[in-house]
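Hi there,

Here is the structure I promised to pass on. Please open it alongside this note, and then read on for what turned up.

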Amino acid sequence: MDFELRMAREKLEKEQKERKEMARRKVQRERKAKEEARKQREAIEAAQLSRRLDAAEARIKADQLMEESLLAGRGITFYRVLEAIPYEGNGDKIKLPPSGFTELSDQGAFDKGPVYFQLSVVHQEGPSDSDVTEEKTHRTTRSGVLEFTAAEGFVELPPHVWRNLFLDDSSTKPLVEVRYVWLPKGTYAKLQPEGIGFLDLPNPKAILETSLRQHATLSQGDILTVVYGELTYKLNVLELKPSSSISVLETDIEVDIVGPDSPSGTMDQHVLKLLTFKKQESGMVEEGCYSYYKFSIDNDIWDVISSGNARVEVKFEVETNEGDTNIYISKHPLIFPTQHQHSWSSHDIGSKVLILNSRDKNFGAGTYSIGVYGFKGTSKYQITVSIEDVTNHKVGRQEVSSSTFIDQDTAECRNCKHYIPSRTIALHEAYCSRHNFVCKHADCGVVLRVEEAKNHVHCDKCGQALQKSEMEKHDKVFHVPLKCACGVVLEKEEMVQHQALVCPLRLITCQFCGDMVQAGSSAMDIRDRLRGLSEHESICGSRTAPCDSCGRAVMLKEMDIHQIAVHQKS
C-alpha cells in the first residue's frame, strides 16, 4: 500500500513539475515574442523617423541649393547633370542641348546679358584607388555657351574646359554638373607661365589679350592655353579680382604675368638666349633640334650701319666635324625662325659667316633671332655676333678700283675671257687651255683650275653651282618637299615665300587691333579682298567705333572712307 502511494505521489510530483516547466517555457516564449515585437516596432519607428529626418534634410538641402542657385544666378535656376563629350574648338564656350535654351529663355536669362555656367565633375563610384585625390574628383571651372545644339543628355566641352575638368582620361563616361551662375566683370588677373619662353614673345600681353577674346570666363586654378603660331604655352591662373571666377567679356582687365617658378624645368620649349656683341657663346645642338639666340640693333647702332660704315657679322664656328648645322635668322615678330620660315640663312658645311648690311631692305633697327638647326648628328659650336667697321675695306677697294684700267693694246682670251696684252695672248691661251677649265653651264662661266673642276657640279633641278660634297645636303635642304601646318607641300624656296605671304597660319600685325594674329584665309567680302585685308582683319575691322569728328558709329575698316566722304579729310 505504501509503495503504491509513493509511486502515485512521485507521478503527481513529476506531472506538476512538467506542467510548471511548460508554463515557464510558455511565459519565456511570450516574453521573447513581446521583446522581439517591441524591437521590431522600435526599428520600424526608428526607420520611419530616419526617413522623415532624411526627407526633411533633403528638403532643407534642396531649399539651400535653390537659394544658392537663385543667389548665384540672380534669380535664375538651371541645373543639369549631363554626360560630357569633347569637341574641337577654341576658348571656353560649351554646347548644351536645345532644352537648356528653352529653360533659360523661359526665365529671361538671355535678357540679362551673357550666360555663364559652373561645371563640376560628378564623382562616380568605382574600384578603390588610393591614388584618386580630392583634386581629381572635385574639379570645378566656369564657362560660357557657344550654342544649344548638343544631343539631349550631353554637354560638349572644348579642349580648354575638358583639360581643366579632367586631369586624366580614366573616366569612360564622365558626368558633369552644369549650373547657371552670375559672374562679375574682372578687373585684375595674375598669371604664371608653366615654363620659360612665353615672356620672350613680342608683347606677350597683347598675345594673351588676343587669346582671351575666345573666352568668356576665367577661374582661379585653371590652366590657360595660349597659341602663338606653331607654339603652345600654358599659363596658370593664380589670382583674380574681384572674385575667384570672373567674366572677361567687354571689360578692361589689368594683367600681371609673373615668371615661372623653375626656369630650367621645361627644356622642351623654345628659349631665346641673349647674345652680347663680340662675346662668344658655346652651344650644342642635336640632329633635328633647334637652339635659339637673339640680339638687338638699337637706333644708335643702326645709324652707323645705315651710313655704310659698319655691318653685322654672325660668325659660326664648329668645334668638331662630326655633325652639320644650318643657320636661320629672322627679325621679330618672327621670333623662332625655322628651315622654311626665315629671312636669312646659311647652309654651308662646317663653319660659316652671315653678313647683314644696310643694302638689305629687310634689315633695320630691331630685335633679331638666330636659329641653329642640327642638320646631321650632334654639333658643338661657338657663335659670335659683332659690329664690324667696313670703312677701311671700302677705302682699300676704292684705291684698287681707281688704279686699275684696261690697256688699249689687249685681247680677250678665248678660254677664260680675261683681257691679256696682245703681245702675250698666244702664250697665255696655250697655257690657259691646258691648266684652266671654264664651266660651260648656262649663266656660270666660272674659271677653275683643272684639278678643281672635278668637284665643280651643278644641281640638275635648280642649276646652282656646288661642290660635290655639298650636293647631298643641297638636295635635302632645297628640294625635299616640306609640309606646312596648313597642309600645303612645297620645296624650301617656295615654302619660305608661302609662309611669308600666303599661308593662312602666318602671323601678321592687325591694322585694327594691333595684335599679332594668324592672318587666316582670304576675306569673305570681295571688297575686303580688294583692300588687301586678311580674314582676321576683315572680321576685326567689322567692329564699330565712334567717329572722332561726328561721333557716329562706323566700322573700323570703313573709317578712312567715312573721313574722306563725310568730313573731306584726306
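E250 sits in the loop between strand 11 and strand 12 (helices, H or I of at least four residues, and strands, E of at least two, are DSSP runs numbered from the N terminus). Its phi is near 50°, a positive value in a residue other than glycine. E250 counts as exposed, at 73% relative accessibility (exposed is over 50% relative accessible area, buried under 20%, partly exposed in between, with a 1.4 Å probe and protein chains only).

Before going further, a word on conventions. This is a predicted model, in which local features need pLDDT of at least 70 and side-chain atom pairs count only at pLDDT 80 or more, while totals for chains, interfaces and linings use all residues. Residues are numbered from 1 along each chain as its sequence is written, and side-chain values use heavy atoms, with hydrogens and water left out.

K278 also has a positive phi, near 65°. K278 lies in the loop between strand 13 (272-274) and strand 14 (281-285), and is exposed, with a relative accessible area of 62%. The peptide bond from K241 to P242 is cis, with omega near 10°; P242 belongs to the loop between strand 10 and strand 11 (245-247). Most residues other than glycine have a negative phi, and most peptide bonds are trans.

Now for the pocket (an open set of points on a 1 Å grid over the protein atoms alone, where a 1.4 Å probe fits, with protein on both sides within 12 Å along at least five of seven lines; lining residues have an atom within 4 Å of a point). The largest pocket holds about 1400 Å³ of space (the volume filled by probe spheres set on the points, which are joined across faces, edges and corners). Its lining has 40 residues, and T210, S211, L212, R213 and Q214 lie nearest the centre. Helix 5 gives the largest share of that lining, 7 residues.

The largest nonpolar core has 25 residues, and L201, L208, Y233 and F336 have the most contacts inside it (such a core joins buried Ala, Val, Leu, Ile, Met, Phe, Trp, Tyr and Cys residues through side-chain atoms within 4.5 Å). Strand 10 supplies the largest share of this core, 5 residues.

Finally, confidence: the mean pLDDT of the protein is 82, with 89% of its residues at 70 or more (pLDDT is the predictor's confidence in each residue, from 0 to 100). Helix 7 (residues 391-403) is lowest, at a mean of 43, and strand 2 (residues 93-95) highest, at 94.

Best wishes
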